[in-house]
Amino acid sequence: LPRVVIVGRPNVGKSTLFNRLIGRRKAITHPRPGVTRDAVEETWELGGGRVLLVDTGGITSERGGIFEPLVRERALREVDRADVLLLVLDVTELVPEDEELLELLRPYKERLILVVNKVDNEAREEMAWNFFSLGFDTVCFTSAEHGRGIDELEQEIERRLVVPEGGGD
Ligand code: GDP
């Protein structure tokens, strides 16, 4: 199955987004940052097909963060296997750990969708436009908690998974 992999530092809303996309509660959300948990994966019905939705969860968390060798190795293995990567950021705060992830994942740009989460209202939407300056082609605004922007994100993921007609070599 194609793999759609959610990455991001702790507390940006990855598991809330995972639950929202899956449409039923499966992963556990943590109000406290830095809580380790294992990667969670679920088969997800998207459009006409099935994909595997993976929340990398704890693998990008902990004090050493993504640059702790073991953590980094596990995270990169997930990233390498991904068909679509959702890099989740929190519209209310972009911190150095986000910048590190952005640089680490820049080589995977082609398969990456930048998900600016916690865009709960219009004021936050104004702030979200700034994230286009990070240099990624596809940026989606979501409020995982309130269900905003989820349809658009799903359409974008579907678009990425469709093999272009006459494409390939
Ligand atoms: P994770 O560590 O990245 O998996 O983040 P969680 O999904 O556990 O969410 C962290 C916190 O952010 C929780 O308190 C969530 O309720 C909150 N949160 C998640 N999505 C949103 C959102 O769209 N808007 C707001 N305001 N809060 C959110």
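View 1. Residue numbers start from 1 along each chain as its sequence is written. Since the model is predicted, local features need pLDDT of at least 70 and side-chain atom pairs count only at pLDDT 80 or more, while totals for chains, interfaces and linings use all residues. You get 5 helices and 6 strands here, and along the sequence they run β-α-β-β-α-β-α-β-α-β-α. Both kinds of element are DSSP runs numbered from the N terminus: H or I with at least four residues for helices, E with at least two for strands. Of the 169 residues, 36% are buried, that is, they have 20 or more other C-beta atoms within 10 Å of their own, with C-beta atoms placed from the backbone (exposed is 12 or fewer, partly exposed is in between). Take the contacts between residues at least 6 apart in sequence: 63% of them join residues at least 24 apart. A contact here is a pair of C-beta atoms, placed from the backbone, within 7 Å.

View 2. Of the 9 residues in α1, 8 are buried: Lys14, Ser15, Thr16, Leu17, Phe18, Asn19, Arg20 and Leu21. The cover over these buried residues includes β1, β2 (40-46), β3 (49-55), β4 (84-90), β5 and α5 (150-161).

**View 3. The shell around the ligand.** There are 17 residues around the ligand, and Gly13, Lys14, Ser15, Thr16 and Glu145 come nearest. To be near, a residue needs its C-beta atom, placed from the backbone, within 6 Å. Which element gives the most to this shell? That's α1, with 3 residues. By type, the shell splits into 4 nonpolar, 9 polar and 4 charged residues. Nonpolar covers Ala, Val, Leu, Ile, Met, Phe, Trp, Tyr, Cys and Pro; charged covers Asp, Glu, Lys and Arg; the others, Gly among them, are polar.

**View 4. Asparagine 11 and its positive phi.** Asparagine 11 sits in the loop between β1 (3-7) and α1 (14-22). Its phi is positive, about 80°, although asparagine 11 is not a glycine. Asparagine 11 counts as partly exposed because 16 other C-beta atoms lie within 10 Å.

**View 5. Lysine 118, buried in a loop.** Look in the loop between β5 (112-117) and α4 (122-128) for lysine 118. Here too, a residue other than glycine has a positive phi, near 70°. Is lysine 118 buried or exposed? It counts as buried, because it has 24 C-beta neighbours inside 10 Å.

Note on methods:
Two residues are in contact if their C-beta atoms, placed from the backbone, lie within 7 Å.
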